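My entries follow in the order in which I went through them.

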Amino acid sequence: MLSILKNRFEQGYRTSGYPKTPVCLPARYRGRPELNMDAPVDVIHACADVCPQEAIDPVAKTLDMGRCMFCGDCERIADGRFVRFTQNYEIAVAKKTDLVTKGTLPDLARHAKQHFKKYFGRSLQLRQVSAGGCNACEADLNVLSTPFFDLARFGINFVASPRHADGMVVTGPVSRNMKTALLQTYEAIPEPKVVIAAGCCALSGGPFQGSPEITEGLDRLLPVDLFIPGCPPHPMTHLHALLSFFK
Amino acid sequence: MAMELMPISNGVAVSRKKVPHLSFRDFADQTIQMVSDGGKVVQFFAYPDEGGKVRLMTVLRKSGDLFAAGCDAPDVYPALSAEATCFHLFEREIAEQYGIRPDGHPWLKMVRYHANYRGVTDVFGNDYAEDIPGRYPYYTVSGEGVHEVAVGPVHAGVIEPGHFRFNCIGERVLNLEIQLGYQHRGIEPLLTTVDPKRLSAITENIAGDTTIGHSLCHAQAMEALMGLVPDDGAQTLRTLSLELERLANHVGDLGAISGDVAFLPPANYCGRMRGDFLNMTLLICGNRFGKGLVRAGGVRFSLTEDLRHELAGRLGELKPQVRHVLSLLMNTPSVRARLEDCGRVSFEDADNLGLVGPAGRACGHPYDVRRVFPTAGYTRLDIPEYSESTGDVWARVSVRCQEVLQSIGIVESLLETAVDTTPVHTLPKIGIAADSLVVTLNEAWRGEASHCILTDSAGRLLRYKIKDPSFHNWHGLSMALRNTGISDFPLNNKSHNLSYCGFDV
Ligand code: SF4
Ligand code: SF4
């Protein structure tokens with residue numbers, strides 16, 4: 001018992017004050033990209049060429065956050081002359097087209113579907129379905145339940161049964177072998193329901209694009225309400241997305 | 001019988017022409033002989049050679065040495081599994097990937113549920129237009145009081161999909177059958193067709209919790225094929241991040257085990273401290289899992305002096321907290337009572353199945369790639385030989401606690417001196433050695449991870465074979481559940497915490 005108390009004392013109080021107090025991520029974290037429209041054409045092409053994900057359109061001068069793995073190759077190859085990653089983790093969007101960006105993103109809170117706020121603003125129960133990724137997306141969703149993030153204090157929980165859920169968070173590129181189970185889970189959730197795609201795998205197939213075993217974007221199978229970019233999205237990105245979209 | 005297998009080294013490319021090409025009979029005899037002399041299978045797979053012939057390749061390890069040999073693949077051949085259990089899953093994989101039938105295989109069942117790469121008749125008679133794996137007769141048990149529990153593919157928590165079929169009598173599990181394949185992304189064939197700039201992005205996502213383990217296997221293989229040599233600082237940073245990965249996973253799992261025995265303080269503290277280890281990796285490379293850190297030729301980030309001091313400071317603060325929480329967990333009698341004698345795997349079963357990593361070490365098999373086939377910074381470190389003997393949850397937990405303390409020591413020592421490295425950027429545009437074979441091994445946190453690349457006469461990737469440690473260990477979990485109460489499944493599951501996606505590739 002004494003040992004339990006000693007440990008309790010040593011561990012202290014760890015829950016973050018977010019959203020009231022901001023959380024800052026370290027310098028090397030790569031969040032919302034900023035694109036320089038005045039960059040020389042050859043620099044832009046060099047960035048597009050180096051990208052393993054074909055996420056950069058050199059003609060339109062855009063970056064597709066749905067395809068991007070935030071590897072930072074495009075930034076370092078050109079010393080940030082075209083793409084520069086900021087430490088801003090608030091990068092989720094409600095419309096797929098908004099993933100293709102020049103650096104500015106619409107305010108998620110105002111673009112959220114207002115009826116969702118009404119239905120789910122005080123209590124949101126989510127069923128998570130992992131469908132073919134690398135499991136890092138699930139891992140960083142799971143940590144939302146640890147003391148620092150403490151998602152439950154906002155009335156948001158992950159539940160075991162789709163019957164108890166208001167919506168579904170899907171991670172992974174929806175492998176062929178998970179498609180049926182995913183669709184059945186979706187069917188089992190009562191209306192009205194919300195679908196959240198988290199991670200570049202669920203947004204575009206991610207690093208597995210081109211494999212016949214996967215789906216290149218959850219939105220090809222189901223209507224998606226909220227898109228959370230990242231590989232994986234930082235837990236703060238999730239937290240910001242959930243709070244802005246539903247609160 | 002003269003030994004005809006060729007000795008090779010971890011991470012050193014050899015000409016495929018030099019690798020002994022045996023008759024199938026000799027290949028089988030030699031391989032079985034080495035395994036019965038205590039050898040273990042590192043890789044065993046089929047590949048299509050130039051000219052369309054399908055061949056088999058094996059890589060074995062025996063007391064500190066690696067050996068390779070190949071042969072033409074017959075369409076049907078007498079199963080090696082009939083002689084030695086450790087070939088069991090490898091042969092099923094070969095049957096699934098290339099449509100080759102091992103005759104007399106004790107349990108010929110598909111592995112990941114996909115059509116074979118050659119377009120030949122399916123060995124299992126599956127129709128892949130039906131997209132649910134598991135359409136085959138499960139092992140059944142019948143009799144009074146016998147029942148089945150089916151779980152998954154979608155599980156209750158935020159975890160990966162897989163199907164578990166428990167045959168029980170009352171509360172006691174007679175057999176647990178594990179059917180995976182739901183996370184199958186077709187990574188191996190994808191790797192031989194993509195633009196080389198995608199290779200590292202794909203391989204670091206084989207299993208996200210083993211990002212560094214798999215990135216290292218990939219980078220070292222490419223380095224061997226391209227003649228690249230990472231500098232000393234890069235080796236240090238690789239070692240450091242592999243240990244941070246081990247720490248995050250072990251600490252997280254120990255917390256989860258504590259949660260599963262309803263001892264909540266360590267569960268919460270470990271969850272938080274796991275995050276602190278992930279955040280140390282975030283500090284180094286901007287990603288909590290180490291994605292984007294390791295690349296062929298070195299690492300992409302330097303360790304500035306400020307960063308080194310920051311990491312050392314954070315570790316200094318964490319170390320006593322970790323020690324205290326782990327001793328709280330291990331010294332609480334009710335925890336010990338739940339873990340001891342639960343889910344025992346015998347030394348012999350672990351040996352026959354070839355269990356690796358902490359799962360193997362818990363059963364008395366001290367094999368550790370860091371000691372036996374060291375790469376990166378491990379050549380300069382002294383990794384002690386260590387194992388437990390009881391093979392139960394308690395042993396697996398003890399091994400992992402020990403490794404946590406050991407890894408903290410390693411990271412501490414690596415942070416003592418300045419780390420000087422020139423970051424690498426994209427894959428240099430130099431050729432890849434033609435007609436070569438390279439095998440790499442690393443001690444990922446679950447055990448031996450291995451990649452094997454074969455190149456063709458033009459220096460293109462002919463075959464990319466990935467083996468996650470979980471490929472060896474899932475059967476260990478099944479064995480642990482035999483005669484164990486079904487309510488002890490979570491403890492056994494968490495003490496192994498195997499990878500679905502690493503297995504499914
Ligand atoms: S950071 Fe994104 S856009 Fe840039 S190279 Fe990597 S994947 Fe491409
Ligand atoms: S998006 Fe990235 S982190 Fe998430 S599952 Fe896919 S590969 Fe893994």
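I began with α13(B) and α15(B), whose crossing is left-handed (the near helix is turned anticlockwise from the far one by less than a right angle; clockwise would be right-handed). Helices here are DSSP runs (H or I, at least four residues) and strands likewise (E, at least two), numbered from the N terminus. On the α13(B) side the contact (heavy atoms within 4.5 Å) is made by Val393(B), Arg396(B) and Arg400(B), and on the α15(B) side by Leu491(B), Asn492(B), Lys494(B), Ser495(B) and His496(B). I sorted the residues of this contact into 2 nonpolar, 3 polar and 3 charged, where Ala, Val, Leu, Ile, Met, Phe, Trp, Tyr, Cys and Pro count as nonpolar, Asp, Glu, Lys and Arg as charged, and the others, Gly among them, as polar.

I note for the record that this is a predicted model, in which local features need pLDDT of at least 70 and side-chain atom pairs count only at pLDDT 80 or more, while totals for chains, interfaces and linings use all residues. Residues are numbered from 1 along each chain as its sequence is written, chains are lettered from A and ligands numbered from 1 in the order in which they are written, and side-chain values use heavy atoms, with hydrogens and water left out.

Next I looked between the chains, where the axes of α1 (residues 2-11) of chain A and α8 (residues 305-330) of chain B come within 10 Å and cross at roughly 155 degrees; axes are lines fitted to C-alpha atoms, for helices over the stretch in contact, and angles run from 0 to 180 degrees between N-to-C directions. The two helices are therefore roughly antiparallel to each other (over 145 degrees; under 35 would be roughly parallel, 65 to 115 roughly perpendicular and the rest oblique). Ser3(A), Ile4(A), Asn7(A), Glu10(A) and Gln11(A) of α1(A) make the contact with Pro320(B), Gln321(B), His324(B), Val325(B) and Leu328(B) of α8(B).

**Ligand shells**

Around ligand 1 I found 14 residues (a heavy atom within 4 Å), and Cys51(A), Cys68(A), Cys71(A), Gly72(A) and Cys74(A) come nearest. This shell divides into 11 nonpolar, 2 polar and 1 charged.

Ligand 2 has 13 residues around it, with Cys134(A), Cys137(A), Cys200(A), Cys201(A) and Cys231(A) coming nearest.

**Backbone spots**

Cys231(A), one of the residues nearest to ligand 2, is joined to Pro232(A) by a cis peptide bond with omega about -10 degrees, and Pro232(A) lies in the loop between β10 (226-228) and α9 (235-246) of chain A. I also found a cis peptide bond from Glu191(A) to Pro192(A), with omega near -10 degrees.

Lys61(A), not a glycine either, has a positive phi of about 55 degrees, but is partly exposed, at 25%.

Notes. Buried < 20%, exposed > 50% of the residue type's maximum accessible area, 1.4 Å probe, protein only.
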